[in-house]
Amino acid sequence: MTAAARGGIVSFWILAAGLAAVGLEVENVRAGARIRDLLLERDARTEKVRRLEMRYNRMVSPDVLEKKLPPEMSSEEG
Amino acid sequence: MNAHSGAHPAAMHRSRLCAAAVLLTIAFAALGWRLFAIQVIDHRRWLESAKAMRRSTEPILAYRGDIHLADGVILARDIVDYEIGIDPKFIPPDKLPRVVTLACDAMGKSPEYRRERLFAALDKKERGGAYAPLGRGVSEAVVEEIRTAVNRILGSDGVRGFRAEPQARRTYPRGPFAGSITGVTDAAGQGIEGIECSMEEWLSRKNGFRELVRDAAQKTKIYQVGGVHVAPVGGQDVYLTIDSRTQAIVEEELERGIRRKRAESGLFVLMDAHTGDILAMASYPSYDPDRFADYPEAERKKRRANRVVENLYEPGSVIKPFYFAYALEKGIIRPEDLVSRIVPPEVKWDGGSTAFFGRRPVTDVHEHPGMTFEEALVHSSNIAMALLGLQLGRPRIVEVYDAFGLCRPTGIRLPAEARGKYTSQSEWRNLYSTVSVSFGYELMVSPLQLVTAFAAVVNGGYLLEPRIVDRIVRDGVVETLPSRKIIGRPISEATSMRMRGFLKRVVEEGTARYLAIKGFEFGGKTGTADMARGGYTKKDYLASFEAFAPFENPRVVALCMLEKPREGSYYGGVAAGPIVVEVFRRLFHVNEEMVLTKLNRLAGRE
C-alpha cells in the first residue's frame with residue numbers, strides 16, 4: 001500500500017470520527033432541548049391538574065350540596 | 001546560473017528554509033505553550049469561565065402544602081403565575097414605550113400604572129439596568145399573548161428583551177369561608193395567621209433548580225443530563241377536623257344571629273364531645289384571606305383575630321356548671337339541698353331576689369323561695385352560686401380551674417392562643433372576689449377553654465385536648481394526629497350524667513326554656529356578662545350559650561357568644577341561644593315545625 005493510500009484511509013477515519021462527534025453533539029443538544037421542553041410541559045400539566053382539582057372541588061363540596069338537599073332536610077334558606 | 005552572484009543558491013535556499021523553520025518552530029512553540037497554559041496551567045479558570053458563559057440555572061417551583069377541610073374541601077392552595085418584566089438593554093428607546101404599553105394593556109392595568117412602569121423602565125435603561133418589572137400574578141395565557149406581540153415588535157431581540165418568571169402564589173378558593181381558621185401568608189409566602197402560621201413547618205416549601213446550557217445565540221436552553229438538578233421540596237398537605245357542611249351552617253347562622261341582634265361581633269365553636277375534634281369554628285367579623293392585604297389597617301385589626309382562640313372574656317354564668325359539677329363530685333353539695341342551708345353570717349339573705357354579701361348586693365332575676373342547688377343551676381341563681389363560692393373558698397375555686405383546664409392554653413394548633421387569668425392571691429379581696437368569680441367575673445377565659453371544659457362536664461368527665469389538625473399528607477403518606485387525647489378527669493361518669501340531666505332542665509324549664517325543640521332533647525347553660533370598659537357600665541353585654549346534643553349520648557358541644565347585642569334582649573338565652581338551636585336543628589335534621597313557636601319569634605322568623 002502506497003503512502004498516499006495509507007494517508008487517505010487515515011484521513012477518512014479522522015473525518016468519520018469528527019462527523020460522528022459533531023453528530024453526537026447535535027443529538028445531545030436536541031435531546032437536552034427536548035428534555036427541557038418535556039419538563040416544562042410536565043410542570044404545566046401538573047399546574048393544570050391542580051387548577052382543575054380546585055375548580056371541581058369548588059363545584060361539588062358538601063357545603064354547596066347542602067343547599068341542594070331535599071326540602072324536608074334543608075332549611076328555608078338552603 | 002551566475003557563478004559570480006555570491007552565495008550558492010542551494011545554500012541560500014537552505015538558510016531561508018532554516019530561518020522559516022525556526023520561525024515556524026517558535027510560532028508553534030508559542031502556540032503550543034499558550035495551548036498548554038490554557039489547557040493545563042489555567043485549565044480550571046478557563047473552564048469555569050466557559051461554563052459561566054454557557055450555563056444558567058432555572059428554578060423548579062415547589063408548591064406550599066394545601067389546607068383541606070376533613071372532607072377534602074380545599075381552603076388554600078398554591079398556583080403558579082408569572083412575574084413579567086423587560087430587559088431594557090435589548091429594547092431600543094423608540095420601541096420601549098410600545099412594549100410597556102402593550103404589556104400593561106394586556107394585564108388590564110390603569111393608565112397611571114402604565115405611566116409609572118414606563119418611567120421606571122426608561123430610568124432603568126438610562127442607568128444601564130438589566131431588569132424592569134412590569135407586573136405580577138400574570139396568567140400563562142396573558143404571558144404568551146405578550147410574548148408573541150413583543151417578538152413581533154423586537155424581532156430576534158424579543159427573546160432577550162422580555163422576561164417571564166414563574167412564581168407560586170397562594171390562593172384561597174373559598175374566600176372568606178373558614179377564613180379565620182385558614183389564616184393567611186405574607187408576600188414572601190410565610191404564614192402569618194391561622195393554620196398557615198401554626199403549621200408553617202409542615203406547609204412550607206423549598207424551590208429546587210436545574211442547570212441548563214445555552215446555545216451561542218443565548219436563545220435555546222438545553223437540559224444537561226448529568227448536570228446539577230436539585231429537586232424541589234413541596235409542603236405537606238394539612239387536613240383539618242372541620243367539616244365543611246357544619247362549618248357552612250355555623251357561619252351562616254352566626255352571621256344571621258349577629259345581624260338580627262345588631263351585635264358588634266360574635267363567635268361560635270362546635271366540638272365533638274368525645275374526641276375533642278373541632279367540627280366548626282367561626283369568628284365574626286372575619287376576613288377573606290385573598291383580600292387580607294387590601295383591608296385598611298383598622299379594619300384588618302378588627303377582623304384578623306380568631307376570637308375563639310385569641311380573645312379572653314369574663315364568661316358570666318356559663319362558668320357555673322364547672323363549680324357545680326366540682327362541688328357535686330367532691331360531695332360539697334347535694335342537688336336537692338336547700339341553698340339557704342349554707343348562708344354564712346356575713347351574708348344577709350331572706351330568700352328574695354337580692355342578697356347582701358357584706359355591703360355588696362347580689363341580685364337574681366327572680367325570687368326563688370326554698371331554692372335547691374339544682375334549681376339554682378337551672379335558673380342560674382347568682383346568689384346561690386356566690387354562696388357556693390364562699391363554701392368552696394379560693395383554693396378550691398382555683399382547683400376547679402385547674403381541673404377543667406381553664407386559664408391555661410389548651411394546646412390547639414392555632415397561633416396566638418390566649419392563656420387566660422384570674423385574680424391573684426395578693427389581689428384577691430376575700431368576700432368580693434369570691435362572690436365575683438362565682439358567677440364568672442374577675443377571671444378571663446378563652447371560648448375554646450370554655451367549650452373544652454363544657455365537653456368534660458357532659459362526656460363522662462374527660463377533659464380532652466381540642467384538635468383541629470386531623471392529618472398531614474405528603475406524597476400519599478398519611479400521618480394522622482392522635483384523636484381523643486385525655487388530659488384530665490375532673491368529674492366521674494356518674495356526676496357527668498347528673499350534670500347532663502340538670503343542663504337539660506335548663507332548656508326545658510330554666511333560663512333557656514324558649515330554646516326547647518319538640519322531640520329533640522339537648523341541654524345547655526346560658527350566660528349574660530356585663531362587659532368591662534374601664535368599669536362595668538351595664539351597657540355592653542356578652543351574651544353566651546353553651547350546649548350539648550343530643551341529650552342521651554352527647555355527640556357535640558357548642559358555644560356561641562355575641563358581643564354587645566343592641567337589638568332587643570341581650571340575655572344569652574335570647575341573643576345567642578337561638579343561633580345554637582338553629583345549628584342543632586340543621587345539623588341533626590330536625591324539622592322546623594318542631595322548634596317552638598316562641599323560638600321562631602325570637603329568631604325573627606315570624
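Predicted model: local features only at pLDDT ≥ 70, side-chain atom pairs only at ≥ 80, totals over all residues.

Start by selecting P285(B), which sits in the loop between strand 13 (278–284) and helix 11 (297–304) of chain B.

For chain B the mean pLDDT is 91, and 95% of the residues reach 70 or more. The complex as a whole gets an ipTM of 0.80 and a pTM of 0.85 from the predictor.

Next, jump to P550(B), in the loop between strand 24 (536–549) and strand 25 (556–563) of chain B. Here a cis peptide bond links A549(B) to P550(B), with omega about -15°.

Now for some backbone angles. Select S380(B), in the loop between helix 14 (373–378) and helix 15 (382–404) of chain B. Its phi is near 55°, a positive value in a residue that isn't glycine. Is S380(B) buried or exposed? It has 27 other C-beta atoms within 10 Å, so it is buried.

Then try A416(B), in the loop between helix 15 and strand 17 (421–422) of chain B. A416(B) isn't a glycine, yet its phi is positive, about 55°. Because A416(B) has 14 C-beta neighbours inside 10 Å, it counts as partly exposed.

Time for a pair of helices. Colour helix 13 (residues 320–329) and helix 17 (residues 447–458) of chain B: their axes come within 10 Å and cross at roughly 40°. The crossing is left-handed. Show the side chains of P321(B), F322(B) and A325(B) from helix 13, which meet A453(B), F454(B) and V457(B) from helix 17. By class, this contact has 6 nonpolar residues, no polar ones and no charged ones.

Move on to helix 1 (residues 9–41) of chain B. Its 33 residues, at 1.5 Å each, should span 48 Å, and the end C-alpha atoms are 45 Å apart, which agrees. How many of its residues are buried? The number is 0, so helix 1 of chain B lies largely in the open.

Last stop: K125(B), in helix 4 (residues 111–126) of chain B. Since K125(B) has 18 C-beta neighbours inside 10 Å, it counts as partly exposed. Setting aside neighbours within four places in sequence, K125(B) is in contact with P88(B), P93(B) and L96(B). Finish by picking I91(B): it is 34 residues from K125(B) in sequence, with 8.8 Å between their C-alpha atoms.

Notes: Residues numbered from 1 in each chain as written. Chains lettered and ligands numbered in written order. Helix = DSSP H or I, 4+ residues; strand = E, 2+ residues; numbered from the N terminus. Buried ≥ 20, exposed ≤ 12 C-beta atoms within 10 Å, placed from the backbone. Contact = placed C-beta atoms within 7 Å. Expected span 1.5 Å × (residues − 1). pLDDT = per-residue confidence, 0-100. Axes fitted to C-alpha atoms, helices over the stretch in contact; angles between N-to-C directions. Left-handed = near helix turned anticlockwise from the far one by under 90°. Nonpolar A, V, L, I, M, F, W, Y, C, P; charged D, E, K, R; others polar.
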